[in-house]
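Visitor: I would like to go through this model with you, step by step, before drawing anything from it. Please take my questions in turn and show how each answer is reached.

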Amino acid sequence: MKLMRKDKVMVITGRDKGKKGEVVTVLPKTNQVVVEGINIATQHVKPSSKDPKGGIVKITKPIAASKVMVIDPKSGRVARIGYKLNGKG
């Protein structure tokens, strides 16, 4: 997987198209990433000893890595990521 934590990315498809954020978590087994402020869902939480009130909580869900592109820090535009092998490997 070519994405890493703390990469600045932009969503290119879906409900959040055009939004920008920072990668919080990378899930290589499922080829997904969690991006701060993107793909937010509401979850109903029952009252417990940890959270005595319960209620509705907003959480950030993973998004497919193919739906985001890295933002180039120099130009500020989205870019593709590639690997280049040198003589040392």
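**A walk through the strands**

Guide: Let us begin with Asn-39, which is found in the loop between E3 and E4. The model is a predicted one, and in it the phi of Asn-39 is near 60°, a positive value in a residue other than glycine.

Visitor: Which residues does Asp-16 touch, not counting residues up to four places away in sequence?

Guide: Asp-16 is found in the loop between strand E1 (8-11) and strand E2 (20-27). The cut-off for a buried residue is under 20% relative accessible area, and Asp-16, with a relative accessible area of 9%, is therefore buried. Leaving out residues up to four places away in sequence, the residues that Asp-16 touches are Val-11, Ile-38 and Asn-39.

Visitor: How many helices and how many strands does the secondary structure of the chain come to?

Guide: Read from the N terminus on, the elements of the chain run β-β-β-β-β-β-β-β. The count for the secondary structure of the chain is accordingly zero helices and eight strands.

Visitor: What is the radius of gyration of the chain, and is the chain compact or spread out?

Guide: Taken along the principal axes, the box filled by the C-alpha atoms of the chain is roughly 60 × 30 × 20 Å. For 89 residues the globule rule gives 12 Å, and the value for the chain is well over this, so the chain is more spread out than a compact globule, with a radius of gyration of 17 Å.

Visitor: What percentage of the residues of the chain count as buried?

Guide: The accessible surface of the chain comes to about 7,100 Å², and 54% of it belongs to carbon and sulfur atoms. Of the 89 residues of the chain, the part that counts as buried is 18%.

Visitor: In what order do the six strands of the open sheet stand?

Guide: Some of the pairings can be taken one at a time: E1 and E2 pair in the antiparallel sense over three bridges, and four bridges join E2 to strand E3 (residues 32-35), again antiparallel. Strand E7 (residues 68-71) and E8 pair in the antiparallel sense over two bridges, with Val-70 opposite Ala-79 in E8. For the open sheet of six strands, in which the pairing is antiparallel, the order is E6-E3-E2-E1-E7-E8.

Visitor: Which strands stand at the edges of this sheet?

Guide: An edge strand here has a single partner strand, so one side of each is left without a neighbour in the sheet. The two strands in this position are strand E6 (63-64) and strand E8 (78-79).

Visitor: What separates the C-alpha atoms of Gly-21 and Val-9?

Guide: Gly-21 has its place in strand E2 and is buried, with a relative accessible area of 16%. Leaving aside neighbours within four places in sequence, Gly-21 is in contact with Asp-7, Lys-8, Val-9, Val-35 and Glu-36. Gly-21 is also the bridge partner of Val-9 in E2, and although the two are twelve residues apart along the chain, their C-alpha atoms are separated by 5.6 Å.

Visitor: Is His-44 buried or exposed, and with what relative accessible area?

Guide: The place of His-44 is in strand E4 (residues 40-45), where His-44 touches Gly-55 and Ile-56, not counting residues up to four places away in sequence. The C-alpha atoms of His-44 and Val-57, 13 residues apart along the chain, are separated by 6.3 Å. Exposed means over 50% relative accessible area, and His-44 is therefore exposed, with a value of 63%.

Visitor: How far apart do the centres of the positive and negative side chains lie?

Guide: The chain has 20 positive and 6 negative side chains. The centres of the two sets lie apart by 5 Å.

How values were computed: Residues are numbered from 1 along each chain as its sequence is written. This is a predicted model: local features need pLDDT of at least 70, side-chain atom pairs count only at pLDDT 80 or more; totals for chains, interfaces and linings use all residues. Side-chain values use heavy atoms; hydrogens and water are left out. Buried means under 20% relative accessible area, exposed over 50%, partly exposed in between (1.4 Å probe, protein chains only). Contact means heavy atoms within 4.5 Å. The radius of gyration is taken over C-alpha atoms; the globule rule is 2.2 Å times the number of residues to the power 0.38. Accessible areas come from the Shrake-Rupley method with a 1.4 Å probe; for residues, only the protein chains shown count as cover. Lys and Arg count as positive and Asp and Glu as negative; His and the chain ends are not counted. The place of a charge is taken as NZ of Lys, CZ of Arg, CG of Asp or CD of Glu. Two strands pair if DSSP finds at least two bridges between them.
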